[in-house]
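Have the model open as you read.

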Amino acid sequence: MDGSQVNKLEAFFSTEVSLRKGTLDEAIEKYFELGWTDGLPVVPPTKDKVLEFVETLGGDPDFVECKVPPRWGGLSRGVLAVNMIMAGCKAEYAPVVRAAMLALTDSKFNLNGVQATTHVAAPLLIVNGPIAAEIGMNGGANAFGSGNRANATIGRAIRLILLNVGGGRAPDLDKCTLGNPAKYTYCICENEQNSPFAPYHVEKGFSSEASTVFTIAAEAPHSVTDHQCNDPEGILDTICSAMSNIASNTSVLSGHCTLALGLEHARTIAKFGWSRQDIRNYLWMHSGNKFSAHSRDHRYGQVYNRNLPKWYKRQPDSWIPIIESPDRIHLFVIGGDAGRFSAFIPGWGLSLIHISEPTRPERISCGGWWVKKKKGGGGG
């Protein structure tokens, strides 16, 4: 970093994060007063630490990576560094956090709606590729739970940015009725090492050596328990029953959804020669409800959700699938060796899915998916 960059950082630090002299406890309490926390104590950023993170991001603390709705605050590299440090991140997590924010703030994702909705949706991040192992992420036992620094602090950094830069704070701009524990942190990786299937990003056309960040606006995981069935149809029928819950946003709004297929379930299914596409096709074909369930037999008038595709029939016995096509089911193998559990994760319904590579500098459009492309290289 040259002299001008250092001067920029000095100016940024003095105006944005300086806390004057005081004890660590005083600094932590000051951040609560400033409203820069997620309700938990944060790590006060030091000048040296901010410098380290900004260098990892490419230098220039004033460089704006994106604007974050609904307040449309500018996420500069300096501000990104500060929020990552406050969340407890290591500097090597920076490429993942930046890639996630670029995906979330693309207009097609509709982060403005996600931030301001009354629904419980929170951005879920799922990382694939070598970077997950390099930074020590957990996609195995208790992947959605506590205990892993990378998972917890990357997800928390995203939330702090959504609060501090995007202004998505209740009750002002965040209108969520109930909230969701995932609105603290919601970040995992796929269990590629133990999965019987090729990784999710490889299925989507990326090299196994590439690293990607998948984002979706989602509800919390809905547990699927099946200790009985020992064939694909039985396990997937159980998952279909969870998917077909008329109460989820996916059921009434269609859109996208995610399946965290547990390791034991995945291995049983793979033993019969089923592929990822076979699983998705089966789930799409056998999950859903009759239109009469959506319309309540018009007991309350014609008040069913009109966002359902126009080509769905509206007769009482017409079948309404959970999502419009199998490709809208995003399948990841997640979890530890023991336990015949999976999880269905309904989507928000009105937000497109994004995937980006944290190690490549250019972004290109690819049929609704956003990927990062290396100069002179091929696209995903």
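## How α3 meets α4

The helices in question are α3, residues 47-56, and α4, residues 77-87, and they pack at an angle of about 120° with axes 9 Å apart. Here helices (H or I, at least four residues) and strands (E, at least two) are DSSP runs numbered from the N terminus; axes are lines fitted to C-alpha atoms, for helices over the stretch in contact, and angles run from 0 to 180 degrees between N-to-C directions. The pair is therefore oblique, a label for what remains once angles under 35 degrees (roughly parallel), over 145 (roughly antiparallel) and 65 to 115 (roughly perpendicular) are set aside.

From α3, the contact (heavy atoms within 4.5 Å) uses Lys49, Val50, Phe53 and Val54, while α4 brings Arg77, Gly78, Ala81, Val82, Met84 and Ile85. These residues comprise 7 nonpolar, 1 polar and 2 charged (nonpolar: Ala, Val, Leu, Ile, Met, Phe, Trp, Tyr, Cys and Pro; charged: Asp, Glu, Lys and Arg; polar: the others, Gly among them).

## About the model

This is a predicted model, in which local features need pLDDT of at least 70 and side-chain atom pairs count only at pLDDT 80 or more, while totals for chains, interfaces and linings use all residues. Residues are numbered from 1 along each chain as its sequence is written, and side-chain values use heavy atoms, leaving out hydrogens and water.

## α4 and its other partner

α4 also packs against α8 (residues 149-164), at an angle of about 130° and with axes 8 Å apart. That makes these two helices oblique. Their crossing is right-handed. On the α4 side, Leu80, Asn83, Met84, Met86 and Ala87 meet Thr153, Arg156, Ala157, Leu160, Ile161 and Asn164 of α8. This contact divides into 7 nonpolar, 3 polar and 1 charged.

How many residues of α4 are buried? The count is 11 of the 11, so α4 is largely enclosed by the rest of the structure. Buried means under 20% relative accessible area, exposed over 50%, and partly exposed in between (1.4 Å probe, protein chains only). Just past α4, Gly88 has a positive phi of about 95°.

## Cysteines and the whole chain

Cys89 is buried too, at 4% relative accessible area. Its sulfur lies 9.0 Å from the closest cysteine sulfur, that of Cys187, too far for a bond. Across the whole structure, 0 disulfides are found (pairs of cysteine sulfur atoms within 2.5 Å).

The protein chain holds 14 helices and 14 strands, and 55% of its 380 residues count as buried.

Terms used: A crossing is left-handed if the near helix is turned anticlockwise from the far one by less than a right angle, and right-handed if clockwise.
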